Amino acid sequence: MVDDDPALAEMLGIVLRTEGFTPVFVTDGEQALEAFHEHRPDVVLLDLMLPGMSGIDVAKAIRSESGVPIVMLTAKSDTVDVVLGLESGADDYIIKPFKPKELVARVRARLRRGDDVAPERLQIGRTGLQVSIDVPAHSATLNGVEIKLTPLEFDLLVALARKPRQVFTREVLLEQVWGYRHAADTRLVNVHVQRLRAKIEPDPEHPQLIQTVRGVGYKAGTA
Amino acid sequence: MLRGLSLAHRVAAPVVRAFRSSLQLRVVTATLIVSGVLVVVFGMVVATTITSGAVEAKLGTAKAQVSDGRDAVARELDTVVSYDDPTLTNKLSGLAAALSGDQGRSQRPTVLIRTSETDPVAESRPGKPAAVSRDLPKQLRGDVSDGFMSFQYTTIDPDGHGERAFLAIGTPVYTEQLSYELYFLFPLDDEEAIANLVRNALVVAGIALVLMLGVIAGLVTRMVVIPVRLAARTAQRLSAGLLHERMSAKGSDDLARLGGSFNLMAENLHQQIVRLEDMSRLQRRFTSDVSHELRTPLTTVRMAADLLYDTKEDFPPPAARSAELLHDELNRFEELLSDLLEISRFDAGFAVLDTEAVELAPIIDTVVESRAGLAQRCGVEVRCHFPGEPVIAEVDPRRVQRILRNLIDNAIEHAEHQPVCVRLAASSTVVSIAVIDHGVGLKPGEEKLVFNRFWRADPSRARQTGGTGLGLSISQEDARLHNGSLEAMGEPGAGTVFRLSLPLRAGDRVLISPLPLDFSADPCRGEDDES
């Protein structure tokens, strides 16, 4: 948990402990990386405005070495700030002021993975441009080459690949991948689809594997 | 015919365009026309005066000469008593030659003398007398034979070298017994030469004068027009955003003053714009800072309040109730804060539209679903009416959701347990969403007031949703940001219609809305009547 406001940190600590988490607190960016290496947390809560190293840089640094879920806490709801945060590697964001239950729900959603481990192999794409997914092993390959995906990107890919050719609206994806019951912010979906495309598409400007259906949503490319 | 017209048009059009667009061309043309007319009139007056003056002088001397000639002829022929006198012809010839004057003078007149009855005619000049006498104008001969002295200007070809101008003067001569006719033909070559000279000089001078005036007008206008064109170009560059663009203002004449004033204006504009930009930046910064500074402690308070609220059963009743109030009012406070921040974002002019192509019906459904709790509490049914085809528009979905949330909340709150209808319709360019209730309605004049900040139709009315009073203002700003419109119409007791119209393509404008702004837009009502 990285936040420079001691009162908020303490309050968050109370709430999280009540919910059975074990939070570790740091107050600036440099310490955040050290603490990350030391404690290996299951989820990182990150304030965007930090003294020293900005939250965005911290997110990039963590993302460069780990796929650990990152939830941003931000007081800025402008699209620019939100998109910037998401593009730096955050999986989800929550805008201050938030309700404690909301925060706990999101943290739990990020930790929920690995509950369903039925052996499942999925494939999308066509010969020459084929993505194979081994769901229990959390690994995906593009034409036989391993792709490094964060758990969230992996979930997004699995959700789309499970029903190829079916169009998913952003709202449905939010519910299936992020665990939001009511429509939150579809910018989450947009940014993460872009990131996923950047990793698996040969030409992200002209996506073939994950296609946009104008006005509706996204679908996995036909075989 | 038509082709001719169109050709004329093709030729004339560029000329007309040049004429309209160039002040210089207009001034030069006007100068040429006016000075041309003046020079022609002036030249004609001068030429006429000079020529007629010369001719008058000639006429005076000629008449005197003729009178003298008449007296001489009368004296010389006094002795001749019959036309048959054999000396008569010689006498006449001698007289004619004598009257004609010295041989050396080039402009000497030709003199003819003839008797009144027969035709031995004497002429002062050898050659073809018959031709000359035939050439005498009939009018003149008539006057003379009637016994009057008379003159006439005429043209004669005396020697076969072309016609020349002559002044012909005739007079009868009476002796004791006989009468004669005496004619003088004065050549007008000199006078004609003078007239020609004057005319040519005037034409040349006139043309030169007119051309010079044209050139002068062109030069003078150029002196004025060039700075004006420069000013126009500078103004264009200024308005295109090159705020450092200035005119040169040298000297102290009117044009320098124009340049000076222009530069002063540009300078003031520049400063004003920079100041506004600074203010906007400051405002933006301030809003962002306030937002952050307020939100962080608010989050802490919020979490503490929620924690207290969740454990309120453990408290004594007053503390439990306090926790409840704290919790509820914090909700209101939060909404108010976020609405205020949103409004200040609009005011500072940095609200940005984040458009994507979305289908609108699911968005409406989602919003209606999320307001189901409120609808149930108020006992209001919300019905949706969508066209058969999906409507996809390039809009900012978050802003559209916010508008709809505000409109639907507002409708539910004022519906008085009557159903609320949300209708979606689209034309080829515009999509409209109407939210119609049949509750308290609006008094005349309130259609505009509803969008005012913190305006309430009836301040004493029990508040149900606890709205901030900013919702509709924000919605209208959201609609404007889309280049769209949000309008209201209502009748007391009959209900209210809110119509949101947005362009289907981002950046377009809303011209005609596909839904009317009245209750006829309500299809749900119609279903009720039928059932």
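In chain B, 66% of the contacts between residues at least 6 apart in sequence join residues at least 24 apart. Two residues are in contact if their C-beta atoms, placed from the backbone, lie within 7 Å. The model is predicted: local features need pLDDT of at least 70, side-chain atom pairs count only at pLDDT 80 or more, and totals for chains, interfaces and linings use all residues. Residues are numbered from 1 along each chain as its sequence is written, while chains are lettered from A and ligands numbered from 1 in the order in which they are written.

Chain B holds 14 helices and twelve strands. These are DSSP runs, numbered from the N terminus (helices: H or I, at least four residues; strands: E, at least two). Of its 531 residues, 26% count as buried. A buried residue has 20 or more other C-beta atoms within 10 Å of its own; an exposed one has 12 or fewer, and a partly exposed one falls in between, with C-beta atoms placed from the backbone.

Helix packing in chain B was examined next. Two packed helices are described by the angle between their axes and the distance between the axes. Axes are lines fitted to C-alpha atoms, for helices over the stretch in contact, and angles run from 0 to 180 degrees between N-to-C directions. The axes of H7(B) (residues 254-310) and H8(B) (residues 317-347) come within 10 Å and cross at roughly 165 degrees. H7(B) is therefore roughly antiparallel to H8(B). Angles over 145 degrees count as roughly antiparallel, under 35 as roughly parallel, 65 to 115 as roughly perpendicular and the rest as oblique. The crossing of H7(B) and H8(B) is left-handed, that is, the near helix is turned anticlockwise from the far one by less than a right angle; clockwise would be right-handed. Residues of H7(B) in this contact include B:Leu294, B:Leu298 and B:Val301, and those of H8(B) include B:Leu330, B:Leu337 and B:Leu341. By class, the contact of H7(B) with H8(B) has eleven nonpolar, four polar and five charged residues. Nonpolar covers Ala, Val, Leu, Ile, Met, Phe, Trp, Tyr, Cys and Pro; charged covers Asp, Glu, Lys and Arg; the others, Gly among them, are polar.

H8(B) also packs on H13(B) (residues 471-481), at an angle of about 35 degrees and with the axes 10 Å apart. This crossing is left-handed. B:Asp339, B:Glu342, B:Ile343 and B:Phe346 of H8(B) meet B:Ser473, B:Ile474 and B:Glu477 of H13(B). Three of the residues in this contact are nonpolar, one is polar and three are charged.

The contact between the chains takes 26 residues from chain B and 24 residues from chain A. On the side of chain B, H7(B) gives the largest share, 14 residues. That side has eleven nonpolar, eight polar and seven charged residues.

The largest nonpolar core has 53 residues, of which A:Val2, A:Leu46, A:Leu157 and A:Leu160 touch the most other members. Such a core is a set of buried Ala, Val, Leu, Ile, Met, Phe, Trp, Tyr and Cys residues joined through C-beta atoms within 7 Å. Helix H6 of chain A (residues 151-162) gives the most to this core, with six residues. A second, separate core of 43 residues includes B:Ile364, B:Leu407, B:Ala488 and B:Val510.

A:Ser139 lies in strand S6 (residues 139-142) of chain A. A:Ser139 counts as partly exposed because it has 14 C-beta neighbours inside 10 Å.
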